[in-house]
Structures are given as structure tokens and as C-alpha cells.
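Hi everyone, thanks for making time. Today I'd like to walk you through some helix packing, so let me put the structure up.

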Amino acid sequence: MTQPNGTRPGTRLSRSDRRAQLLDAARSIFVSQGYHAAGMDGIADAAGVSKPVLYQHFPSKLELYLALLQESASEMVGLVQAALLDTEDNTERVHRAVEAYFTFVSGGDQTYRLIFESDLRGEPAVEEIVERATRDCIEAITTTITTDTGVDQARGRLLASGLVGLSQVSARYWLQQGADVPREEAVELLSTLAWRGISRFPRHG
């Protein structure tokens, strides 16, 4: 008989596979219930393991949550960085940067909620992960903006932060409204808005 986690009785997973399995089980519970309402008992049950096994990998609920949050933050940053590396055309880079956030929030597992809607945002370790991910996204976009416009790093970062903020908020708003505007059209509208602003800055030198 197959266990709830998809393994058969007696199956021994490697440490990395077991960790991935536990994170998968925790993801759906933390997303649906939030940090405070989620319990290690429920996560262990969802993973089909005993609590001692869960605690062998994650000594506390906070450590488990932080591991999952870091995984989600890395996914978001990776999407933005990959979008900028796919082309050397800066118009297309802006389009793809916006699109990366739509891709991230559209994920079926809804892990974007851990980053943008966490009920544990007052926790310093959570704030650090979220702020570092945001900074990494801003830094990636800054290079594109400074190259295209000729503004200095400080001004480039400020403009990049505006693009990140626009993309994050708009993508979440689009999803919460039931995606009544087709995704491709929504991305095109917002990337056009952003590019028309950024492209107006003259290149110096």
C-alpha cells in the first residue's frame, strides 16, 4: 500500500529526498493555514512520517518555515535573473522581468504568499530573507537600467526598485482579481508602462 507521501511502506529515502518531501508537505500547510495556525503534528501527518523524523530534519517549526521561505525566495530571484539573461534587448528584458513576477505568483503552490503575505513578517529572520530577495531582484534589474539609460548606480537602483514594486503589486492584484485580464495582455500593459518611463531617461556620455 502506498503512503500519503507517495512512498511504499519500508521505503527508505535519502536525507535530501526526505527533506524535499517534508518541505512539500509543509508548503501546502503553511500556505493555506499561515505560520501560527500550522502545527508540526499536521505537517508530519501530511508527510506520512512521525514527528521525531520531522524534528530530525527541522528542529523547530520556525526553522522549517525559514527553509521553505528561502526556497521560495530563491525561486523568485532565479526567475528574475533568468529573465534578464535570456536576451540583450533591454525592452525585452523589462518585459521579461515583469513576466517573471506573473510566473511566480501564478504557481499552483501559491508560495508567493509566504513572501508577500506572511503572518510572520515581524520575525527578523523572515524579514532578512524577504529583504535580501528583494535587493537581489533590484540589483539584477539595476544593471539593465543603468546600461540603457546611463544613470548612475544610485538612481538606477531607485528606478529598479520602482519596477520591482510595480511588478510585485500588479501581479498579485491581477491574481486576486481572478485574472480577468489575460496574462499575456497584463504583462504587456505593465511592461509597456514601465518601459515608456525608463526609456525616456537620456543616455549620458
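At what angle do helix H5 and H7 pack, and how far apart are their axes? Keep in mind that this is a predicted model. The angle is about 160 degrees, and the axes lie 10 Å apart. Angles over 145 degrees count as roughly antiparallel, so that is the label for H5 and H7. The crossing of this pair is left-handed.

Who makes the contact? From H5 we have Asn90, Arg93, Ala97 and Tyr101, and from H7 come Cys137, Ile141, Thr144, Thr147 and Asp148. Sorted by class, that gives 4 nonpolar, 3 polar and 2 charged residues.

A word on H7 itself. This helix covers residues 124-149, 26 residues in all. From first C-alpha to last it reaches 36 Å, close to the 38 Å expected at 1.5 Å a residue.

Now, back to H5, residues 90-105, and its other partner on my list, helix H8, residues 153-176. Here the axes come within 9 Å and cross at roughly 40 degrees, so H5 and H8 are oblique to each other. This crossing is right-handed. On the H5 side, the contact uses Val94, Val98, Tyr101, Phe102 and Val105. H8 brings several residues, among them Leu163, Val164, Ala171, Trp174 and Leu175. By class, the H5 and H8 contact has 10 nonpolar, 3 polar and 1 charged residues.

Terms used:
Residues numbered from 1 in each chain as written. Predicted model: local features only at pLDDT ≥ 70, side-chain atom pairs only at ≥ 80, totals over all residues. Heavy atoms only, no water. Helix = DSSP H or I, 4+ residues; strand = E, 2+ residues; numbered from the N terminus. Expected span 1.5 Å × (residues − 1). Axes fitted to C-alpha atoms, helices over the stretch in contact; angles between N-to-C directions. Parallel < 35°, antiparallel > 145°, perpendicular 65-115°, else oblique. Left-handed = near helix turned anticlockwise from the far one by under 90°. Contact = heavy atoms within 4.5 Å. Nonpolar A, V, L, I, M, F, W, Y, C, P; charged D, E, K, R; others polar.
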